[in-house]
Amino acid sequence: MTLSPLGQAVDQLQPDAAVGLVHEKLAAGEAPLAILEELQAGMGAVGERFEAGEYYLSELIFAGAIFKQASAPLQEALADASADADGIIVLGTVKGDIHEFGKNIAGTVLSSNGIKVVDLGVDVAHEKWVEAVSESGATLVGMSALLTTVFDDMREAVATLERAGLRDKVTVLVGGGPMTEEAAAYVGADHYCKTAQDGVVIAKRVLGVS
Amino acid sequence: MADTQGPPQGPPPPPLFLERMGRLQTAIHCGTPDRAPLSLVMDTFACNVLGVKYSEFCADLDVSGQTMLGALEKLGDVDSMQWASYAPAILGMLWLAPMKLPGRELPDDALWQLDEQVRIQAEDYDRIVEMGWGPWFGQYIGRYLGEAAAAAAEMQQKAPRWVGEFIGRGYVPFSAATVDHPYEHLCGGRTIQEFTMDLFMRPDKVEAAMQAIMVEKREQARQMIRAIGPFGYWVGSWRTAPQFLSPKLWDRFVWPYMKELVEIVAEEGGIPMLHYDACWDREIGRLLELPARTCVLATDGQTDLFRAKKILGGHMCLMGDVPPAMLTLGTVDEVKAYCDRLLTEVGPDGFIMAMGCAIPPNAKFENVKAMVDSVRGG
């Protein structure tokens with residue numbers, strides 16, 4: 001897919017160009033949703049470079065910040081656009097763990113790829129996952145952890161979704177420093193995400209969006 | 001320096017210590033000892049083995065030494081511990097952020113956590129250059145790191161006694177201090193998010209500040225190693241792993257400083273302990289640039305240690321790397337099989353058996369025991 005100049009500015013990690021182009025487009029009367037889609041296309045290209053080993057976490061972080069800054073003037077106009085999101089994910093760091101960096105990166109790349117993120121923060125109590133899924137209608141749940149000591153909490157959080165009758169309605173993704181395929185199986189998750197970009201790829205596949 | 005336990009105190013070392021030290025030295029110089037030596041890092045795992053509250057461990061350096069020594073003796077024939085005592089508050093000196101500790105901000109049985117916030121402002125890069133690292137850091141300690149500095153001072157005072165205790169029981173306390181990368185300091189005090197942005201938005205200022213830090217760090221490191229002696233010195237990598245940074249950023253902000261600090265430790269007669277967390281696969285070949293048969297590369301299960309052996313074998317001793325998740329969730333048979341593979345494919349020459357990073361608090365005792373026993377064919 002050919003990127004627009006705005007998409008290229010995101011892809012090439014040029015914050016001033018991205019912000020300037022968004023302002024120009026708004027001044028010219030272009031639809032905010034169309035502008036957002038160009039930014040998202042740029043983030044998609046960043047994700048592809050990450051998967052190809054051309055970009056690293058450093059570039060993902062910077063691209064995410066560019067996306068946030070450039071899309072800020074669109075937010076008011078897009079306040080009702082969440083209905084147009086490709087899907088919804090409830091995201092958080094599980095009970096007993098307060099690390100938020102990995103979770104925040106995942107949230108940024110997911111939202112900049114068109115997935116609405118319901119961010120529960122860190123040290124998320126088990127029942128909060130149930131409440132958030134019920135209220136938001138999310139079909140994806142993303143659980144993060146940086147400590148091996150919270151594997152059992154993560155497992156219990158998944159079990160809590162099961163007991164609430166929601167387990168069949170959601171796909172559970174897990175990630176974080178100590179996670180492995182084996183640990184993901186232990187906690188009862190559906191997918192292990194080694195990187196934030198893995199989360200985007202898996203989420204899009206589950207949601208059936210390209 | 002974030003962490004120093006000083007020179008040992010006590011009587012001459014017993015024969016068992018000398019035997020174990022010889023085994024380690026053979027491995028460090030890429031030779032083949034009578035069997036693979038073991039070297040462990042454990043803190044909260046030791047608490048759980050002995051039923052000691054994390055809060056008690058954190059509050060008293062002597063409790064930390066007693067706890068780690070007690071757990072070590074329960075595990076059997078272990079050659080070495082990386083540290084003979086530990087005060088988690090001291091981590092604040094590495095990442096320039098205070099620690100939240102169990103028994104104080106956190107429940108008695110909670111793990112300590114870094115209280116990471118934006119404390120270094122963008123203007124501080126210029127201030128570090130203008131003031132010099134020492135004066136700037138002195139002010140910063142006064143504002144944010146009083147407790148970490150007190151913990152460091154206590155460690156300097158009390159830790160030598162525990163080094164002596166370990167030696168007296170025949171264990172080799174491998175590491176004496178850390179020699180910290182300026183990237184870890186600035187990234188911790190600035191936060192990962194903001195510091196990463198700075199690498200793109202104001203790279204020259206970051207670079208100038210790092211060079212200003214190095215001006216003093218070079219001499220501090222040399223003096224410290226001369227004072228303490230030929231122990232291991234951690235030149236660690238947590239946030240500087242190639243996994244996190246593009247080659248362009250890594251070549252500019254990580255490797256030149258890492259290489260120089262390792263060379264300084266080696267020149268002064270220390271053993272550079274490359275405690276490298278996260279994945280180093282992309283740049284593992286760069287380690288051939290470091291002094292030969294002097295360093296120990298200790299990985300955490302995320303770097304492919306088997307591939308590393310093919311590249312670094314004969315040049316550098318490798319240590320590791322039973323993954324934390326395997327020690328926690330795996331079975332004894334899985335641990336045994338993994339250790340056997342380490343012994344044959346990463347050993348028998350230039351290899352030290354160890355956990356990846358540190359033994360996790362909730363590791364199964366029988367799994368850790370299986371790792372310990374593996375070096376004797378257990």
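Predicted model: local features only at pLDDT ≥ 70, side-chain atom pairs only at ≥ 80, totals over all residues.
View 1. Chain A is divided into domain 1, residues 5-74, and domain 2, residues 85-207. Their C-alpha centres lie 25 Å apart. In the contact between them, 10 residues of domain 1 of chain A meet nine residues of domain 2 of chain A. On the domain 1 side, helix 3 (32-51) and helix 4 (57-71) of chain A each supply at least two residues. Helix 3 of chain A has the largest share of that side, six residues. By class, the domain 1 side that touches domain 2 of chain A has five nonpolar, four polar and one charged residues.

**View 2. Strand 1 of chain A and its two partner strands.** Strand 1 of chain A covers residues 87-93, and six of these seven residues are buried, so the strand is largely enclosed by the rest of the structure. Strand 1 of chain A pairs in the parallel sense with strand 2 (residues 115-119) of chain A over five bridges. Within this pairing, Ile88(A) has Lys116(A) as its bridge partner in strand 2 of chain A. Strand 1 of chain A also pairs in the parallel sense with strand 3 (residues 140-144) of chain A, over five bridges. Here the bridge partner of Ile89(A) in strand 3 of chain A is Leu140(A). In a regular strand the side chains alternate between the two faces of the sheet.

View 3. Strand 1 of chain A pairs with strand 2 of chain A in the parallel sense. In helix 5 of chain A, 10 of the 11 residues are buried, so the helix is largely enclosed by the rest of the structure. The buried residues of helix 5 of chain A include Lys103(A), Asn104(A), Ile105(A), Val109(A) and Leu110(A).

**View 4. Chain B as a whole.** The secondary structure of chain B comes to 17 helices and 11 strands. Its radius of gyration is 20 Å, close to the 21 Å that the globule rule gives for 378 residues, so chain B is as compact as a globular protein of that length. The C-alpha trace of chain B spans about 55 × 45 × 40 Å along its principal axes. Of the 378 residues of chain B, 55% count as buried. Among contacts in chain B between residues at least 6 apart in sequence, 76% join residues at least 24 apart.

**View 5. A three-stranded open sheet in chain B.** The strands of this open sheet have the order 1-2-5 and pair in the parallel sense. Strand 1 (39-40) and strand 5 (172-173) of chain B are at the edges with a single partner strand each, so one side of each has no neighbour in the sheet. Two bridges join strand 1 of chain B to strand 2 (residues 80-81) of chain B. Leu40(B) has Met81(B) as its bridge partner in strand 2 of chain B.

**View 6. The side of chain B that touches chain A.** In this interface, 19 residues of chain B are in contact with 20 residues of chain A. On the chain B side, the elements that give two or more residues are helix 10 (192-201) and helix 15 (324-329) of chain B. Helix 10 of chain B gives the most, with six residues. By class, the side of chain B that touches chain A has 13 nonpolar, six polar and no charged residues.

Technical notes:
Residues numbered from 1 in each chain as written. Chains lettered and ligands numbered in written order. Pairing = 2+ DSSP bridges. Helix = DSSP H or I, 4+ residues; strand = E, 2+ residues; numbered from the N terminus. Buried ≥ 20, exposed ≤ 12 C-beta atoms within 10 Å, placed from the backbone. Rg over C-alpha atoms; globule rule 2.2 N^0.38 Å. Contact = placed C-beta atoms within 7 Å. Nonpolar A, V, L, I, M, F, W, Y, C, P; charged D, E, K, R; others polar. Domains from an automatic or database assignment.
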